[in-house]
Amino acid sequence: MAKKRAVITGITGQDGSYLAEFLLEKDYEVFGLIRRSSTVNFERISHLQDKLELISGDLLDQKSLVTALQTAKPHEVYNLGAQSFVPASWEQPMLTGEITGLGVTRMLEAIRTTDEEIRFYQASTSELFGKAQETPQSETTPFYPRSPYGVSKLYAHWITINYRESFDMFACAGILFNHESPRRGLEFVTRKITHAVARIKHGIDEELRLGNLDARRDWGFAGDFVQAMWLMLQQDKPDDFVIATGETRTIREFCQVAFDRAGLDWENYVVVDERFFRPAEVNILLGDAAKASETLGWKPETSFEKMVQLMVDHDLEMVAKQSE
Ligand code: NAP
Ligand code: F7E
């Protein structure tokens with residue numbers, strides 16, 4: 001039987017790299033959309049490069065998306081590409097809207113032009129809930145985004161549903177809560193903490209400066225979460241699902257577990273710095289993934305403690321190597 005083919009936008013990112021691994025294990029032909037850059041940034045996919053087909057393209061450029069789909073002839077498109085860092089969305093709100101919001105319409109239009117049978121996954125986010133109207137949050141919780149990133153993702157979410165309803169496309173949105181890993185970007189709070197733990201342990205840094213320690217997040221492991229993306233596209237009908245662990249912790253609690261792992265007391269190193277507070281905060285996220293559990297049979301496998309351990313151990317080893 002011919003192999004299934006998938007296009008992943010955002011393949012150089014955290015989720016793109018885990019999803020590519022997962023689909024390759026399922027014997028897919030995997031095509032990754034790569035935007036042109038003067039330096040290569042294939043760090044997260046270098047171990048997969050001889051198994052992947054990389055296609056040049058950009059969510060800002062309609063023609064490149066059509067060409068990518070004509071080249072790959074995919075059965076499935078996973079749209080993970082985005083300007084995904086919330087603070088940067090206040091610094092570059094227009095660019096965030098273009099990539100994270102309108103980029104989705106460009107891809108949906110590219111699918112309509114090329115092959116309407118292509119199944120489409122959109123990377124929606126718990127940032128849609130923002131100033132949460134109820135806790136825990138599920139598929140029926142009203143949205144209240146709190147950043148240009150969240151607002152862009154709200155547009156992306158609704159345009160996905162609109163194309164499903166207008167054109168009968170198989171388009172799904174996964175409302176994923178925060179998910180982390182040793183491949184998380186260094187600017188996000190979890191990896192910022194585990195990387196700092198490693199640098200402090202090796203005597204390179206003396207402190208870690210953070211913003212709001214009271215915010216709560218429902219943190220899962222990225223490797224578990226990408227499986228839910230695939231499951232959504234294997235169903236008989238398209239739908240939207242919350243993907244979360246059902247546990248919430250403060251940034252303070254994350255610090256405690258991460259520093260503990262390295263035998264350090266977080267209170268000796270963490271300094272609160274106003275520069276890292278946001279113009280508007282998302283105070284509490286806690287997801288109810290009952291629908292995904294019932295319909296997709298999806299459940300997270302990696303515990304919070306295990307995930308923090310993975311991240312701290314990875315960063316301790318990485319910093320040790322860098323300091324050799
Ligand atoms: P990430 O590590 O920041 O990766 C983002 C990816 O998007 C990178 O590959 C980046 O490419 C690509 N990209 C940026 N601008 C682009 C453009 N103009 N055209 C094409 N690609 C572009 O993000 P992630 O954590 O893997 O998240 C994946 C997706 O899920 C994102 O849409 C994010 O908003 C969403 N999401 C993430 C979480 C989470 O907790 N991680 C939760 C919910 C939803 P470069 O390498 O070239 O920059
Ligand atoms: O912040 C607080 C900060 O940047 C988490 C993206 O993947 O998940 C991510 O968005 C919390 C916030 O992630 C620092 O105020 C305190 O309350 O790790 P983060 P995020 O904003 O939740 C969602 C689901 C996405 O969709 C996004 O794409 O931590 N915080 N001190 C800090 N945050 C950062 N970055 N740096 C600090 O120093």
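Figure 1. Strands here are DSSP runs of E, at least two residues in length, and they are numbered from the N terminus. The model shown in every view is predicted. I55 sits in strand β3, which covers residues 53-56. The I55 residue counts as buried because its relative accessibility is 12%, and the limit for that class is under 20%. I55 and K291 are 236 residues apart along the chain. Their C-alpha atoms are separated by 35 Å.

**Figure 2. A negative surface patch around E117.** Four residues form the patch: D115, E116, E117 and D168. E117 lies in a loop. That loop runs between α4 (93-114) and β5 (119-125). The relative accessible area of E117 is 65%, so this residue is exposed. The cut-off for the exposed class is over 50%.

**Figure 3. Polar contacts of R183.** R183 belongs to the loop between β7 (179-180) and α6 (189-201). Two side-chain partners are shown. With S17, the R183 side chain makes a polar contact of 2.9 Å. With the side chain of E21, the R183 side chain has a polar contact of 2.7 Å.

**Figure 4. The R217–E127 salt bridge.** Across the whole structure, a search finds 20 salt bridges. Side chains of opposite charge can pair when their charged atoms come close. One such salt bridge is between the side chains of R217 and E127, with an N to O distance of 3.9 Å. This pair connects distant parts of the chain, 90 residues apart. R217 is in strand β9 (residues 216-217), while E127 is in the loop between β5 and α5 (148-167).

**Figure 5. The E180–R184 salt bridge.** The E180 and R184 side chains meet in a salt bridge, 2.7 Å from N to O. E180 has 1% relative accessibility and therefore counts as buried. R184 has a relative accessible area of 14%, so R184 is buried as well.

Figure 6. R209 and D273 form a salt bridge, and their closest N and O atoms are 2.8 Å apart. The relative accessibility of R209 is 30%, so R209 counts as partly exposed. D273 counts as buried, because its relative accessibility is 8%. Which residues are joined into one network by salt bridges that share partners? They are E207, R209, D273 and R275.

Figure 7. H202 is placed in the loop between α6 and β8. At 35% relative accessibility, this residue counts as partly exposed. S323 is 121 residues from H202 along the chain. The C-alpha atoms of H202 and S323 are separated by 8.4 Å.

**Figure 8. A cis peptide bond at P136.** Most peptide bonds are trans. The bond that joins T135 and P136 is cis. Its omega is about 0°. P136 is found in the loop between β5 and α5. E127 is placed in the loop between β5 and α5 (148-167) as well.

Figure 9. Most residues other than glycine have a negative phi. Where does D27 lie? D27 is in the loop between α1 (14-25) and β2 (29-34). Its phi is positive, near 70°, and D27 is not a glycine. D27 has a relative accessible area of 45%, so D27 is partly exposed. K73 also has a positive phi, about 45°, although K73 is not a glycine. The place of K73 is the loop between α2 (62-72) and β4 (76-79). K73 counts as exposed because its relative accessibility is 55%.

Notes: Residues numbered from 1 in each chain as written. Chains lettered and ligands numbered in written order. Predicted model: local features only at pLDDT ≥ 70, side-chain atom pairs only at ≥ 80, totals over all residues. Heavy atoms only, no water. Patch = residues over 30% accessible without salt bridge, like charges linked within 9 Å, V, L, I, M, F, W, Y side chains within 5 Å. Areas by Shrake-Rupley, 256 points an atom, 1.4 Å probe, with all protein chains shown as cover. Lys, Arg positive; Asp, Glu negative; His and termini not counted. Charge placed at Lys NZ, Arg CZ, Asp CG, Glu CD. Helix = DSSP H or I, 4+ residues; strand = E, 2+ residues; numbered from the N terminus. Buried < 20%, exposed > 50% of the residue type's maximum accessible area, 1.4 Å probe, protein only. Polar contact = N/O pair within 3.5 Å; in protein donor to acceptor, adjacent residues only side chain to side chain.
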